[in-house]
Amino acid sequence: MGGEAGDDPNFEKDLEELRETFNSGKTRDASWRRSQLKAMQLLLKETEDEIFHALKQDLGKPRCEAYRDEIGTVTKSVQYALGNLKYWMSAKKVNLPLIAFPATAELIPEPLGLVYIISSWNFPFGLSLEPIIGAIAAGNVVVLKPSELAPTCSAVLASVIDKYLDNKAIKVFQGGVSVGQQLLQHKWDKIFFTGSAQVGRLVMAAAANHLTPVTLELGGKCPAVVDSISGSWDRESTFKRILGGKFASCAGQVCIGVDYILVEKRYLSTLVSRLQIWIRKMFGDNPKECLARIINKHHFIRLKNLLSDPLVKASIRHGGSLDEANLFIEPTILVDPPLHSAIMTEEIFGPLLPIITLDKIEDSVKFINSRPKPLTIYAFTNNEKLKKMLIAGTSSGGITFNDTLVQHAADTIPFGGVGGSGFGRYHGKFSFDTFSHEKAILRRGFLTDFWFRFPPWDDKKLQLFRDAYRYDYIGIALTFLGLKK
Ligand code: NAD
């Protein structure tokens, strides 16, 4: 296992060893990839309690949340990768243009080599192990640098990965900014980064020096458009799902959490009163029992400062109490805080939920488009016209209608941003593709040779090129026979 890279004299040696492992060809074998995925399954099963404990220690995550969002989703993803590995690794036949006739072609996925995965603290296991699944399924060797802000989780990741996975091919380097910076100086074959846009820029700049491809999984402000839904079942589901997607996952410290709500003015009082009722039902009198806490004092103060503007403070409609000693913030709802205030211009990443009122719900398209492209847009509506408007009229990593967060558990749809919310994508086959290069293989024999492909040039050859690229078989025949001018 690599340790603190900065202090570890074996750091360079570790990277060398990883390169040697890759060059030996061992990680390309389907049997190695399968064995590592199976080892990951075992890791998740046998160290579940250690993982629960670490997540409780660093983030106060309740066990249900920890299982739903990390252990469970990753277990599902490994299972999916094992079930599909053979197909993912197989060569895919493709068609060729007439000009290449007779020939065949295929795309063969090959591993990129040494990949560097940098993860964030809010889902320390999920955001580390999910990309590792893709990287090993694709046959790479891996360095993981988990976030120093979740130190217990980081230490557990280092020890269990060393114990269960092939430690000549997968290593964890623990540490903070200086370790991250040192590692970025090296030449990698791929960097997969999850974190802030600010650090994402540094990652990209460092990668540019070596022309290393990067995937940036960033954040931003994900809006939830709430239409005035008729039907009490649909309405109540909306309220529960919004609260689930805001407070009941890492206390809102989630890149795809609901950042703010957009709603028509006339629907505001119903929305606020029902959200308050559901907050009491879900989180009871002692919300500390079933909500995660803020990761550290720095982030607690950051969130506290978001509320310090007097106009923002005046907009609080529910909650607002902060317990600094326990790093706990009560689920808090605000109505129409100033749009230029930090709470509406910065990613909130915590249990504060602003509601912005609009004259017409259709204005949400313009509102969303006036801001950086979000990772996800949520919309609660049965109005097909509004759904179409949002799909065609906005740009985001994805749109989820009538629910929150579930898209993250899907292996069949890509997870990733666009514009300010990042680029590149993963989950399921998309992870495999992210860590692979699709090598283009074209095979021809020597049987036929089209003389018109070679000089000396004349008008007849030019016409044959025109016909061939148009797949105009009759034209080719006529030109060939000199019957076409
Ligand atoms: P961060 O950018 O501060 O840190 C991310 C990682 O980069 C950590 O491992 C950290 O040690 C490392 N790092 C920090 N500074 C570095 C430097 N100068 N050089 C090299 N490495 C450095 O982000 P964070 O606080 O961990 O996460 C919060 C952000 O991440 C939010 O914006 C959130 O939306 C986003 N996020 C996105 C996703 C996603 O899947 N899209 C998931 C979780 C978090």
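**Close-up views of a predicted model**

**View 1. Strands β15 and β16 side by side.** Ala-379 has Phe-401 of β16 as its bridge partner, and strand β15 (residues 376–380) pairs with β16 in the parallel sense over four bridges; two strands pair if DSSP finds at least two bridges between them. Strands (E, at least two residues) and helices (H or I, at least four) are DSSP runs, numbered from the N terminus. This is a predicted model, in which local features need pLDDT of at least 70 and side-chain atom pairs count only at pLDDT 80 or more, while totals for chains, interfaces and linings use all residues. Residues are numbered from 1 along each chain as its sequence is written, and side-chain values use heavy atoms, with hydrogens and water left out.

**View 2. The active-site positions taken from UniProt.** The unreviewed UniProt entry places the feature "active site" at Glu-217 and Cys-255, in the numbering used here, although annotations may be inferred rather than shown by experiment. These residues are spread over 39 residues of sequence, yet they cluster in space, with a largest C-alpha distance of 9.1 Å.

View 3. Glu-217 lies in strand β7 (residues 214–217) and counts as buried at 4% relative accessibility, where buried means under 20% relative accessible area, exposed over 50% and partly exposed in between (1.4 Å probe, protein chains only). Leaving aside neighbours within four places in sequence, its contacts (heavy atoms within 4.5 Å) include Phe-192, Phe-415 and Arg-425.

View 4. Cys-255 sits in the loop between α9 (232–246) and β9 (260–264) and is buried, with a relative accessible area of 18%.
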